[in-house]
Amino acid sequence: MATDAPPPSKGGPDTRSAPPSTEAPSTEEFIAEQESAEFAELRHAHRSFAFPLTVAFIAWYLLYVLLSNYAGDFMGTKLFGNINVALVLGLGQFLTTFLIAWWYSRHAATKLDPKAEAIKSRMEGGA
């Protein structure tokens, strides 16, 4: 593999210039950013999506578990062939898991990532 860089000189340290180092933001800068309105909007956008969906999914899961334990007759009700309510609700657990993951990835890409990228670029000195 060919490179455009010259080989290092023999016997001495590498004299090529190193890329400019970016100094890490200070603690005060992180605190100031955390207290900014833009960061609060980012946090609100995440929480207003994630918390309600988490609560809803846990409630849905616990409903399934409770029905499985205490409503055996209902869960054993055949819908068609050997397919019963328990199987349909159990498969629904998988379906909702994937739907929530897909929905969150869309939400993050449209609402969270642009705000996070703006904050990141400002913190890294790009803005």
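Arg122 is found in helix α4 of this predicted model, where helices (H or I, at least four residues) are DSSP runs numbered from the N terminus. At 33% relative accessibility, Arg122 counts as partly exposed, a class that lies between buried (under 20% relative accessible area) and exposed (over 50%), as computed with a 1.4 Å probe on protein chains only. Its side chain makes a polar contact with the side chain of Glu38 at 2.7 Å; such a contact is a pair of N or O atoms within 3.5 Å, of which, within protein, one must be able to donate a hydrogen and the other to accept it, and residues adjacent in sequence count only if both atoms are side-chain atoms. Arg122 and Glu33 are 89 residues apart in sequence, while their C-alpha atoms are 9.4 Å apart in space.

**Basis and confidence**

- Residues are numbered from 1 along each chain as its sequence is written, and side-chain values use heavy atoms, with hydrogens and water left out.
- Because the model is predicted, local features need pLDDT of at least 70 and side-chain atom pairs count only at pLDDT 80 or more, whereas totals for chains, interfaces and linings use all residues.
- The chain has a mean pLDDT of 86, with 80% of its residues at 70 or more, pLDDT being the predictor's confidence in each residue, from 0 to 100.

**Nonpolar cores**

- The largest nonpolar core consists of six residues, namely Leu42, Ala45, Ala108, Leu112, Ile119 and Met123; a core of this kind is a set of buried Ala, Val, Leu, Ile, Met, Phe, Trp, Tyr and Cys residues joined through side-chain atoms within 4.5 Å.
- Two or more residues of this core come from each of α2 and α4 (85-123), and α4 gives the most, with four residues.
- A second, separate core has five residues, among them Tyr64, Val85, Ala86 and Leu89.

- Ala108, a member of the largest core, is in contact (heavy atoms within 4.5 Å) with Asp113 and Pro114, when its neighbours within four places in sequence are left aside.
- His107 lies in helix α4 and counts as buried, at 13% relative accessibility.
- Not counting residues up to four places away in sequence, His107 touches Ala45, Phe49 and Leu112.

**Aromatic pairs**

- The structure holds two aromatic pairs, where rings of Phe, Tyr and Trp (its six-membered ring) pair if their centres lie within 6.5 Å, and planes under 30 degrees apart count as stacked, over 60 as edge-to-face and the rest as tilted.
- The rings of Phe49 and Trp103 form an edge-to-face pair, because their planes stand at 80°, with the centres 5.1 Å apart.
- This pair links distant parts of the chain, since Phe49 is in helix α2 and Trp103 in helix α4, 54 residues apart.
- Phe49 is buried, with a relative accessible area of 11%, whereas Trp103 is partly exposed, at 45%.
- The rings of Phe49 and Tyr104 have planes at 45° and centres 5.7 Å apart, so this pair is tilted.
- Tyr104 is partly exposed, with a relative accessible area of 30%.
- Through these ring pairs, Phe49, Trp103 and Tyr104 are linked into a cluster.
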